[in-house]
Amino acid sequence: MAKVIEGLYYTESHEYVKVDGNVGTIGITDYAQNALGNVVYVDMPDVDDEVEAGEEFGAVESVKAASDLNSPVSGKVVEVNEALEDKPELVNQDAFANWIIKVELSDPSQLDDLMDAKAYEEFCNNQQ
Amino acid sequence: MNKRTCLYDKHVALGALIQPFGGFDMPIQYTNIIDEHKAVREHVGVFDVSHMGEIIISGHDAPRFVNHIFTNDVTKMKPGDVMYGMMCYEDGGTVDDTCVDMLEPNRYFMTVNAANVDKDSEWVHKQAEKFDVVVCYKSDWWNQLAIQGPEAEKTVTEVLHLPVSDLKFYQCKEVLRFDDSVIVSRTGYTGEDGFEVYGDKEYIRDAWDRLMRAGVKPCGLGCRDTLRFEVGLPLYGDELSKDISPIMAGLGHFVDFDKPEFIGREALLKQKTEGVAKRLRGIQLDDHAVPRHGYKVLRDGKEVGEVTTGYRLISADKSCAVALVDSSLKLGDRVEIQIRKKTFPGTIVKKRFVDTHYKKD
């Protein structure tokens with residue numbers, strides 16, 4: 001059973017965003033890392049790049065396939081998780097601890113369009 | 001509805017991820033590709049490759065017939081030898097790549113790719129009309145396990161009790177179990193020492209169970225592809241096709257032009273002497289981005305080819321591709337691969353990215 005954390009917001013493409021003040025921490029969910037298998041590369045944007053809600057901002061690559069990353073929210077990238085450059089497998093070890101980017105939210109009302117933990121858990125159950 | 005091998009129920013019980021491949025529902029991984037890949041490089045692993053096709057060719061004209069449809073020269077074999085090569089069309093395009101086991105004088109056992117079995121069987125039968133041979137296509141009867149890795153000889157000897165220690169790389173033998181044939185060859189598709197064991201459903205199911213009880217790691221088609229790629233082995237559909245000849249694929253050493261006649265000889269000889277527009281090359285990227293089938297290869301911003309297979313390697317810390325590129329490109333030339341919105345620089349290198357460990361002596 002994939003782990004889901006209370007208090008985060010979730011997308012249908014299996015990204016999460018954790019909000020602290022006006023900063024959103026974005027990564028892929030435990031369900032996503034499990035479905036992908038061994039992660040071997042994370043293609044990340046640069047700091048100061050703008051990301052758009054629902055738009056692709058990079059990719060997570062498993063041994064076999066590339067999977068686009070879609071941003072849950074719009075905003076400016078303020079930090080990227082450089083640890084993933086050398087150790088992309090951290091995403092498999094703990095997808096929630098090993099986030100991918102942090103974004104300064106430009107429109108916090110976009111969070112209303114995302115799923116909460118309960119809705120996301122149901123969404124995952126219906127995927128099988 | 002896809003076909004299933006005789007071990008399908010056992011793969012499901014082991015929790016394998018099952019996906020379609022070559023018309024079969026096949027196990028892609030049991031745990032994960034990296035663990036299974038490393039088991040084969042470092043110890044031993046077993047693959048269910050029963051989806052592969054088998055064609056037996058026998059009869060008075062068998063050597064002459066096999067030589068007619070095959071690029072390599074089977075008259076150079078003796079019973080118990082295995083030879084790799086291709087079947088080609090008249091224009092030099094590849095029908096399939098195949099291993100031919102010479103079981104006896106006038107009896108050959110060909111293993112062909114699962115995705116090609118219908119096409120190959122039709123092709124071989126059609127060519128056989130003018131020869132005194134019997135072509136027997138019994139892929140449903142034959143099942144196959146590949147036991148691969150440095151501990152493969154120990155495993156096959158102690159767990160399956162097959163007498164294989166006298167086999168060298170690319171040798172085979174047929175052993176009888178009750179009235180049925182079991183064929184074992186010292187071959188594989190991983191770059192490691194290993195064996196391929198062919199038998200009927202009962203034999204293969206029993207052999208699989210014994211290997212599982214002995215703790216041999218079950219390995220899926222996911223790592224079969226990463227293993228073969230690292231050591232530069234081609235996959236039909238990626239590195240060989242009706243549009244990619246053995247010469248374009250850099251497999252000319254499996255095309256024996258000393259033979260006066262075989263299908264495709266004229267076209268292939270022309271390619272060899274006059275050159276080809278595109279050929280397969282290895283590319284090693286400077287970075288760890290992952291090149292994939294179909295990605296564009298550029299030189300000075302101009303498109304020069306396309307990736308056929310690419311991975312971030314598991315056995316070495318680098319990202320590599322095999323690509324069909326302009327044949328003017330030479331080893332050491334710098335190119336770029338377009339990966340999504342970015343281009344990543346790399347160098348043309350040999351297609352074997354990792355050393356092989358075959359048992360040749």
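Figure 1. Exposed here means over 50% relative accessible area, buried means under 20%, and partly exposed lies in between, with a 1.4 Å probe and protein chains only. This is a predicted model, in which local features need pLDDT of at least 70, side-chain atom pairs count only at pLDDT 80 or more, and totals for chains, interfaces and linings use all residues; side-chain values use heavy atoms, with hydrogens and water left out, residues are numbered from 1 along each chain as its sequence is written, and chains are lettered from A and ligands numbered from 1 in the order in which they are written. The loop that holds B:Asp300 runs between β15 (296–299) and β16 (302–312) of chain B, where helices (H or I, at least four residues) and strands (E, at least two) are DSSP runs numbered from the N terminus. The phi angle of B:Asp300 is near 50 degrees, which is a positive value in a residue other than glycine.

**Figure 2. B:Asn106 is a non-glycine residue with a positive phi of about 70 degrees.** This residue sits in the loop of chain B between β6 (94–104) and β7 (107–112). With a relative accessibility of 31%, B:Asn106 counts as partly exposed.

**Figure 3. A:Lys64 is listed by UniProt, in an unreviewed entry, for "modified residue: N6-lipoyllysine".** UniProt positions are given in the numbering used here, feature names are shortened, and annotations may be inferred rather than shown by experiment. In chain A, A:Lys64 belongs to the loop between β6 (56–62) and β7 (66–70), and its relative accessible area of 39% makes it partly exposed. Contact means heavy atoms within 4.5 Å; when neighbours within four places in sequence are left aside, A:Lys64 is in contact with B:Ile33, B:Gly222, B:Asp225, B:Arg292 and B:Tyr311.

**Figure 4. A:Ser62 is a buried residue, with a relative accessible area of 3%.** It is part of strand β6 of chain A. Apart from neighbours within four places in sequence, the contacts of A:Ser62 are A:Leu36, A:Gly37, A:Asn38, A:Val39, A:Val40 and B:Arg292. B:Arg292 is also among the contacts of A:Lys64.

**Figure 5. Chain A, which carries A:Ser62, has 4 helices and 9 strands.** Followed along the sequence, these elements give the pattern β-β-β-α-β-β-β-β-β-α-α-β-α. Its radius of gyration, taken over C-alpha atoms, is 13 Å, close to the 14 Å that the globule rule gives for 128 residues, so chain A is as compact as a globular protein of that length. The globule rule is 2.2 Å times the number of residues to the power 0.38. Of the 128 residues in chain A, 50% count as buried, and among contacts between residues at least 6 apart in sequence, 63% join residues at least 24 apart.

**Figure 6. B:Glu196 is listed under "binding site" by UniProt, in an unreviewed entry.** This residue lies in strand β12 (residues 194–199) of chain B and is buried, with a relative accessible area of 8%. Beyond its neighbours within four places in sequence, B:Glu196 is in contact with several residues, among them B:Gln144, B:Leu145, B:Ala146, B:Ile183 and B:Thr187. UniProt places the feature "domain: GCVT N-terminal", again from an unreviewed entry, at residues 7–259 of chain B. That span is 26% helix and 30% strand, and its end C-alpha atoms lie 41 Å apart.

**Figure 7. B:Ile283 is a buried residue, at 0% relative accessibility.** Strand β14 (residues 278–285) of chain B contains B:Ile283. Although B:Ile283 and B:Val335 are 52 residues apart in sequence, they are 8.1 Å apart in space, C-alpha to C-alpha. With neighbours within four places in sequence set aside, the contacts of B:Ile283 include B:Val335, B:Val297, B:Cys320, B:Ile337, B:Ile348 and B:Phe353. According to an unreviewed UniProt entry, the feature "domain: Aminomethyltransferase C-terminal" covers residues 278–355 of chain B. The end C-alpha atoms of this span are 26 Å apart, and the span is 0% helix and 58% strand.
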